[in-house]
Amino acid sequence: MNRRGLLLPLVGVLFLSLGCAAAPPKKDYTAFHAANPRSILVIPVVNNTTNVEAPGLFLSTLPIPLAERGYYVFPVNMVRRVLEDEGLSDPNLVHTADTGRLCNLFGADSVLYVSIEAWTAQYMLITTQVTVEFDYVMKDGKTGDTIWKERKKIVYAPQQQNSGGSPLAALVAAAVQAAATKAAPNYMPLARQANAEVINTPGVGLPAGPHHKEYGKATDSGK
Amino acid sequence: MTVSRLRILLPLIVAASCASGCAPQRAYLWGDYDSALYAHYANPQDTERYVERLGQIVQKAEVEKDKVPPGLYAEYGYALFEAGRLDEAITYYKKEREQWEESQVFMDKMIRNTQRLKENRPGPAPGGELPPPAGTTPGAAPAGEAK
């Protein structure tokens, strides 16, 4: 009964998001506010890409924006090691483990499941296009229900700056920039930007948590 | 002339300095927490350097008590634990528990486990390979664990 009540608005939201790209649909925060989590257990991220560095890099970017949003965030590295001791060293295994059990283990109110869907650099003639994509799902520790979810893709290709200088100088600058990106594509600013947009965008982001000054205010997301 | 110019410029300067200085206004003092975490993830053997980096972040954050980020004390405590410094690990687990009530269940567990490990460790090993840690004086720091 309750399930159906939750599903219907979700289906509606899905249709809306497919239909009108211009006005982003407002999220239904009923389940979120009912759960009213104080703390978030961030478990190791699932890596659906071939980049072996991505999970470690991305996991390290998550605590800061979540804590700044007003939640107690469990220490990610310590949590990872404790889960390993519990026989859960494979993130895929952790993601299929029972949410309630995970929360009991740490005394957490909610679990954040994140997977990396893209983490690639595509090399082109004089530039490098970097793409990251993440899927975020937050579940309530008591019911195991999904209380918030978002997906974010960011594509970045350094623009050639033609302001003022000669065409040749611009070309050289672009080539230099591409070479630098080629050597070590810098994913981290994109990952941080994705997190910031997903967590802080009013109407779709995470409502402010109990340690945030906006907590419970009417202007907050979903209220 | 110059006065009117100043009038135009001043707000601009203020805005510019604000944009660079106070745009990412954060509630907590994070230091380079994220890169310390990643460095340790990439190179788990580098325990000493990790302890040192987290220690520096803790030291700087502690200047203002309510600006110590959630999880920092615990993460530092765990780094100390991995370095074999169990007494200090317990100290920082307790600090985390005191600062963040949300961490109580987890910290209680970790304190209990660490204390158990401590009691088992300096036992009279037949080979005499494990001398008792230098800092332990008998009767000091009774286990005042909250249940």
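Helices (H or I, at least four residues) and strands (E, at least two) are DSSP runs, numbered from the N terminus. The model is predicted, so local features need pLDDT of at least 70 and side-chain atom pairs count only at pLDDT 80 or more, while totals for chains, interfaces and linings use all residues. Residues are numbered from 1 along each chain as its sequence is written, with chains lettered from A and ligands numbered from 1 in the order in which they are written.

Asn36(A) is a residue other than glycine with a positive phi, near 45°. Most residues other than glycine have a negative phi. Asn36(A) counts as partly exposed because it has 14 C-beta neighbours inside 10 Å. Here a residue is buried if 20 or more other C-beta atoms lie within 10 Å of its own, exposed if 12 or fewer, and partly exposed in between, with C-beta atoms placed from the backbone.

**The two chains**

Chain A has nine helices and six strands, and 35% of its 223 residues are buried. Chain B has six helices and zero strands, and 27% of its 147 residues count as buried. Two residues are in contact if their C-beta atoms, placed from the backbone, lie within 7 Å. In chain A, 67% of the contacts with a separation of 6 or more are between residues 24 or more positions apart. For chain B, 45% of the contacts between residues at least 6 apart in sequence join residues at least 24 apart.

**Where the chains meet**

At the interface, 23 residues of chain B are in contact with 21 residues of chain A. On the chain B side, the elements that give two or more residues are α2 (33-42), α4 (72-82) and α6 (104-120). α2(B) gives the most, with seven residues. By class, this side of chain B has 15 nonpolar, four polar and four charged residues. Ala, Val, Leu, Ile, Met, Phe, Trp, Tyr, Cys and Pro count as nonpolar, Asp, Glu, Lys and Arg as charged, and the others, Gly among them, as polar.

Which residues of α2(B) are buried? They are Tyr33(B), Ala36(B), Leu37(B), Tyr38(B) and His40(B). Their cover includes α3, α4 (63-68) and α5 of chain A together with α3 and α4 of chain B.

**Two helix pairs**

Axes are lines fitted to C-alpha atoms, for helices over the stretch in contact, and angles run from 0 to 180 degrees between N-to-C directions.

| Helix pair | Angle | Axes apart |
|---|---|---|
| α3(A) and α2(B) | about 155° | 8 Å |
| α5(B) and α6(B) | about 165° | 9 Å |

α3(A) passes α2(B) in a right-handed crossing. A crossing is left-handed if the near helix is turned anticlockwise from the far one by less than a right angle, and right-handed if clockwise. Residues that meet here include Gly56(A) and Leu57(A) in α3(A), and Asp34(B) and Leu37(B) in α2(B). By class, this contact has six nonpolar, three polar and one charged residues.

In the other pair, with an angle of about 165°, α5(B) is roughly antiparallel to α6(B). The crossing of α5(B) and α6(B) is left-handed. Their contact divides into eight nonpolar, three polar and four charged residues.

α4(B) is mostly covered, with 10 of its 11 residues buried; Tyr73(B), Tyr76(B) and Phe81(B) are among them. The cover includes α5 (76-85) of chain A together with α2, α3 (47-61), α5 (86-99) and α6 of chain B. After α4(B) comes Gly84(B), with a positive phi near 85°.

A nonpolar core is a set of buried Ala, Val, Leu, Ile, Met, Phe, Trp, Tyr and Cys residues joined through C-beta atoms within 7 Å. In the largest one, which has 77 residues, Leu41(A), Val42(A) and Leu112(A) touch the most other members. α4(B) supplies the largest share of this core, eight residues. Leaving aside residues up to four places away in sequence, Val42(A) touches Leu62(A), Pro63(A), Leu66(A), Val73(A), Phe74(A), Val76(A) and Leu112(A).

Notes
Angles under 35 degrees count as roughly parallel, over 145 as roughly antiparallel, 65 to 115 as roughly perpendicular and the rest as oblique.
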